[in-house]
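Please find below a short note on the structure shown here. The points start with a pocket, go on to a cavity and end with the protein as a whole.

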Amino acid sequence: MPSVFNKLIVAAIPAIPKFIVRKFASPYIAGEKLEDALTTIKKLNSKGAMATCDLLGEFIHHKEQATRDKEELKNLLFAINKEKLNSNVSLKPTQMGLLLDEEFAYQNIRELVALAKEQGNFIRIDMEDSPCTQKEIDLYLRLRKEFDNVGLVIQAYMKRTDADVDLLIANRANLRLCKGIYVEPESVAIKDKQAIRDNFLKQVEKMFVNKCYVGVATHDEFLVDETLKLIEKHKVSKEDFEFQMLLGVLPKLRDSLLAKGFRLRVYVPYGEQWYGYSTRRFKENPEIAGYVVKALFGLN
Ligand SMILES: Cc1cc2nc3c(=O)[nH]c(=O)nc-3n(C[C@H](O)[C@H](O)[C@H](O)COP(=O)(O)OP(=O)(O)OC[C@H]3O[C@@H](n4cnc5c(N)ncnc54)[C@H](O)[C@@H]3O)c2cc1C
């Protein structure tokens, strides 16, 4: 599809009625309720995949929303524990109030990490857009002093990532590495696709060499293949890393890695706040946004 058309489609997303967006979002989200998430996790576990479950929500405006979501996340942790599911939890610090009151957000996340610790579970802190990067690294390092069951996400498109990964490795971090999904200015983010891939692989190799547990989060077959070569080169054992993919994206690639015996975790988002998450996915893949527009005009 020509890129001008793609850009037009992406620009049109806010004007598309929510019920149409919802229809096309459905492969990417487990559903709106906790039970929907549990059902999806069970299915994934039965196929040999692990999960990381995310309650949708971000950039909240009122502390009450953070408190409500924290309580829901506690229920999620209790349910995972009760049903003995192979799933940890991912959360976004802005959902816990990071942009309203940093100490409030820290205490919310600390409470969840402490509960996860009691249950032998793990919390992954997602990385959000660049105004949050330093705050989220600081928050993580503070938690890491007290807990070993907490990890952070690092984005290969950020120019600062090389230095951040050095600092995080020195602090024995557990990391998920992804390309990065937010639209960032050129002043902070690498824009060239191959340069982002090169940085991704540079960071994966550093993590392998330094025995830093990494979740290699990508659907890019080039990156998967190159990661497999690095695994060979550095004789990395299957217990020291995992692949991670998003629910609904390239399940065939996911199945092929599972068939080779690799640890693979699927990111399972659920909840009522599905709009922001879904439209970011459409912006990443304008072909799907194109289907949405066609549906809107009755062209499907
Ligand atoms: C487990 C996990 C957690 C993540 N957590 C974060 C985070 O905390 N912060 C953050 O900024 N980003 C996060 N991301 C998103 C990530 O940064 C990328 O935006 C996203 O994974 C796409 O990059 P890619 O490496 O898959 O490569 P791409 O080149 O974007 O995609 C490779 C191929 O995957 C397929 N594909 C990709 N996206 C879609 C889609 N939406 N629908 C259908 N097919 C698609 C296409 O075939 C595409 O050619 C996460 C990704 C994963 C897998």
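1. Lining of the second largest pocket. By class, this lining has eight nonpolar, six polar and eight charged residues. Ala, Val, Leu, Ile, Met, Phe, Trp, Tyr, Cys and Pro count as nonpolar, Asp, Glu, Lys and Arg as charged, and the others, Gly among them, as polar. A pocket is an open set of points on a 1 Å grid over the protein atoms alone, with protein on both sides within 12 Å along at least five of seven lines, and lining residues have an atom within 4 Å of a point.

2. Basis of the model. This is a predicted model, in which local features need pLDDT of at least 70, side-chain atom pairs count only at pLDDT 80 or more, and totals for chains, interfaces and linings use all residues. Residues are numbered from 1 along each chain as its sequence is written, and side-chain values use heavy atoms, with hydrogens and water left out.

3. Elements around the pocket. Helix H4 (63–82) and H11 each supply at least two residues of the lining of the second largest pocket. H4 gives the most, with four residues. Helices (H or I, at least four residues) and strands (E, at least two) are DSSP runs, numbered from the N terminus.

4. The cavity. The structure holds one cavity of 30 Å³ or more; a cavity is a set of grid points where a 1.4 Å probe fits but cannot get out. About 40 Å³ of space lies in the largest cavity. Its lining consists of Asp 54, Leu 55, Leu 56, Gly 57, Glu 58, Lys 92, Tyr 277 and Arg 280. Strand E1 (50–55) and helix H11 (275–284) each supply at least two of the lining residues.

5. The whole protein. There are 12 helices and eight strands. The radius of gyration, taken over C-alpha atoms, is 19 Å, close to the 19 Å that the globule rule gives for 300 residues, so the protein is as compact as a globular protein of that length. That rule is 2.2 Å times the number of residues to the power 0.38. Of the 300 residues, 54% count as buried, meaning under 20% relative accessible area with a 1.4 Å probe, protein chains only.

Note on methods:
Points joined across faces, edges and corners; volume = space filled by probe spheres on them. Buried < 20%, exposed > 50% of the residue type's maximum accessible area, 1.4 Å probe, protein only.
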